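Student: Could you walk me through this structure before I start on my own notes? I'd like to take one topic at a time.

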Amino acid sequence: MIELSWLLIAAPLLSAAVLIGLGRRADRWGHWLGVAASTVALVVGAGALIETLGREAHERAQNVHLFTFIPGGELTVEAGLAVDPLSLTFVMLITFVGTLIHVYSVAYMEHDARRRVFFAYLNLFIAAMLLLVLADSYLLLFIGWEGVGLASYLLIGFWNHKPEYATAANKAFIVNRVGDMGLILAMALMFAHFGSLSFSEVNAGAAAASPATLTAIGLALLLAATGKSAQFPLQSWLGDAMAGPTPVSALIHAATMVTAGVYLIVRSAAIFDGAPDARLAVAIIGAITLLMGAIIGTAKDDIKKALAASTMSQIGYMMLAAGLGPIGYGFAIFHLLTHGFFKAGMFLGAGSVMHAMQDQVDMRRFGALRGLMVITWATFGLGWLAILGVPPFSGFWSKDKIIEAAFVGEGWQPWVLGGAALLGAGITAFYMSRLFFMTFHGRRRWTEGQHPHESPWLMTAPMIVLAVGSAFLGWFLATGDRFTTWLEPVTGHAEHHDPVLAVPVIVTLTLVLVVLGAALAWWMYIHHDVAEEAPAPSIPVLAARNDLFQDSVNRALFERPGRHLTRTLVYADAAVVDGAVNANAAGISKLGEALRKTSTGNVRSYALLMFLGVVIVTAIALLGVR
Amino acid sequence: MIEPWLFWIIVVVTVVPALALLFARKPVHIAMAVVLVMVGLAVAYVSLEAPFLGVVQIVVYTGAVMMLFVFVLMLVGVDQRENLKETIRGQKWVGLALAIGVALLLAGVISRTAITAQDRPAPAAPEDIAAALFSRYVIVVEALAFVLITAAVGALVLTYVPRLKPRATQKELQAARIAAGADPVNKPMPGVYARHNALDAPALDPQGRPIEDSVSRVLEIRHQTKDGEEYRFAMQRMRRELGIEDGPIDDGRMGDGPDAPDRDGEGRA
Amino acid sequence: MSPMAFVYLAAVLFSIGAATVMLRRNAIIAFMGVELMLNAANLAFVAFARLHGTIDGQIMAFFVMVIAAAEVVVGLAIIIALFRARQTISLDEPAELKG
């Protein structure tokens, strides 16, 4: 099955092409084709997984050569797929969660006239994301990287008849582009120093390169990862990306695309091995973002935006883990996997609630939905417990390991990073509980004419499957270090170090903070009533409501100077460049005008000029000759 | 080789009239000056042992070319007086400067040459010239013949005025004249009939008054006409001088003029 | 006196002829200046023929005379045609090439 792994990319891509190409004729059955394509990818991926599991550990990293991409003599670029534990993990996540969301979308987008196009875009996304994780070179990865960016743009702006949604799509694309510059820069540096872009050759070259080079490449890769994964400083697009339909938010902006940055960092482990400063930068970015996301999440009343802030924060955890070195890689991917399940599940649940409440998103107008939407409540609840890190659910296994790993090290590092992770856990507990309680508990704060009901089974079935994953996947993969061992052929074996605080202490502290956070949320939002209008904010709440003023900062730091720069350049171009050219032309015109004066029409002045010429030529010819 | 005095005469005879080209006002004066220059140059040729060329210079240049110039001057307007004031700004000074400049330039170049003169000139009799023309330069001669023919035809073409209407007959011309109010009778010939036929005396009409049309306008402008007074009482004067009595014919009736004495008191016829 | 003196004379006559062309407004006078220039060249030719002791210079002067005659014919015909069109032979009058 591994030789057929090209089908993983080809099937969804072909389906997308068919759905777009056939047009309205495919409207009645197009969505099922989309689901089928995703299922095919799932089956092939599962087959490849089983085959890889059947091999010995040292044989698990396989390369499937596809074709020669650029046959250019010395600059020949081969296209191939790297089928190893890391990519297979992602393949399973993408295809499994992806197929479930495809099924969910059949019902969610039932009343949309462009449902077929939606599925075409979803398939395009699946194909691009699979290309990204299966690529065996940075060049193919970049193609997939750009492809998911495109799909994200198309899907966020799916309802582009609303100008704000179209603007949100633009914002996502543009901020991503800034990150892409980092990836291009990194690829250029790699090519310049290692002469190739394939993982094997880059990794081989990285062992021998200078720390300065590797730090530069590492920081460029970090920039790319922050763009795609919505980390500080390129995090401003994620909140606005919630303008897209909820399945999009679930698939792309929770489970898969935003994790591509983490994938990139883990894949480039060899580079970061030689650049400890870059690695530390990764960890610090992760720590900053996890706190930032958590703080923003506490003040958001829009359910999707709160979940988006939560995603930002959780990916911060993954980045933090990836920035800790070999000990953190396994946990980063582990948390990525479990997060994919419970976050997607919660997004689908939010979609279910919005579907029931006629596309209302303000949590202040929810409340007391528990009895009316039991399945939604139950699945969402499991996801909630998972993200809190309550044992024995998934989140506990993955997140706690990250916090432990954060406390490993010397000097200020473990205390700052570990403390940030710990604090983040507490705030996460608070705002996720706030979200859960405001939506499902308390009194009814609905607007007029709401009749909430449970969603159809096409929507609830995927939610149930994901909830099961949220519940049991973590325990399953953590027992016996199954998962980290599985990843070892790619991430390398990590030495076990002891954290500066004893492990039981960390675990206990975490649980205490989680309980405190949840209790505070209960106190504020169940014991006290929830106001239907948002109350006047204090300064921290105001800052959090405004996404910590990220848009203002971007505008002041980049947009306005950029606009001024552009205006100056345009003016300079018009004045200097065009001015020079025009002055040149004008000068020649004036010269022509001046020369025109010799054409008086008078015969005698012509005779004079002619004679003058004769005299000059004669003088030169005769006197100049010795 | 050349006598100095001959050389200087040639210089004077050529340069001084040449300056007339620049300074004289009436075109005919200038034309005559140029003729003088040509003659001077012919003298120069002869003194340079080129007799054939000297004669050809007189015949062709002075005789043909300059006469052609004079003819055209007459055609165009001989009384055009040129205003020597220059119309184009700076033309006079720049022109003079250039001319003097080129003279100095050429003088400088010439002074740098070092050609020793041969003692004996080449034989330049017409036979020798003919021999050279029709042996070494025969092709040039043919080409020149072509050029001359072309020039003649060109002149014809340039001055040809195509006849747009058929030639008017004498009858039509006379009819036009009468219609314009001309006198149907011929203009009277000048001179007093039966007394003289001088061009400068006007004819008398039957009343004895002078007819102005009968004398050429040119003579009038030049004040070279006579009133014919002396011819009017010629017979009477002659008899008076001879002491003869007035005869029957000489009674003044045959053109004695209106102021003749009315001898028999019968009035003028 | 060496024949070279005649060459100097020819130079002087040439410059007088050139000045005439540039300074006189009457077309016929200017044309006479051109004739003077041609004659000056002829004089130079004949003087050089005498200097070198050959008759080639005289032949050349002869040819120049022929050409000058032809040129005068055509040039005067042009002046007559010009006069017929404009009733004047001033060289300042035709200024259609102005600008």
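Tutor: Let us begin with chain B of this predicted model, which contains 10 helices and two strands.

Student: In what order do the elements of chain B run from the N terminus on?

Tutor: They follow the order α-α-α-α-α-α-α-β-β-α-α-α.

Student: And how much of chain B is buried?

Tutor: Of the 269 residues in chain B, 19% are buried. Among the contacts in chain B with a separation of 6 or more, 46% are between residues 24 or more positions apart.

Student: Let's look at α1(B): which residues are buried there?

Tutor: The buried ones in α1(B) are B:Ile10, B:Thr14, B:Pro17, B:Ala18 and B:Leu21. They lie on the same side of α1(B), because the arc that they cover around the axis is only 110 degrees.

Student: Why would that spacing put residues on one side?

Tutor: With 3.6 residues a turn in an α-helix, residues three or four places apart point the same way.

Student: What covers the buried residues of α1(B)?

Tutor: The cover includes α2 (27-47) of chain B, and also α1 (4-23) and α2 (27-52) of chain C. On the face of α1(B) turned away from the buried side, the exposed residues are B:Pro4, B:Trp5, B:Trp8, B:Val12 and B:Phe23.

Student: What span should helix α1 of chain B have?

Tutor: Its 20 residues, 4-23, should span 28 Å at 1.5 Å a residue, and the end C-alpha atoms are 28 Å apart, so the two values agree.

Student: Changing topic, which residues have the most contacts inside the largest nonpolar core?

Tutor: They are A:Phe125, A:Leu130, A:Leu221, A:Leu320 and A:Ala344, in a core of 206 residues. Leaving aside residues up to four places away in sequence, A:Leu130 touches A:Leu8, A:Ile9, A:Ala41, A:Val91 and A:Ile94. There is also a second, separate core of 78 residues, which includes B:Val37, B:Val102, C:Phe31 and C:Ile55.

Key. Residues numbered from 1 in each chain as written. Chains lettered and ligands numbered in written order. Predicted model: local features only at pLDDT ≥ 70, side-chain atom pairs only at ≥ 80, totals over all residues. Helix = DSSP H or I, 4+ residues; strand = E, 2+ residues; numbered from the N terminus. Expected span 1.5 Å × (residues − 1). Buried ≥ 20, exposed ≤ 12 C-beta atoms within 10 Å, placed from the backbone. Arc of directions from axis to C-beta. Contact = placed C-beta atoms within 7 Å. Core = buried A, V, L, I, M, F, W, Y, C linked by C-beta atoms within 7 Å.
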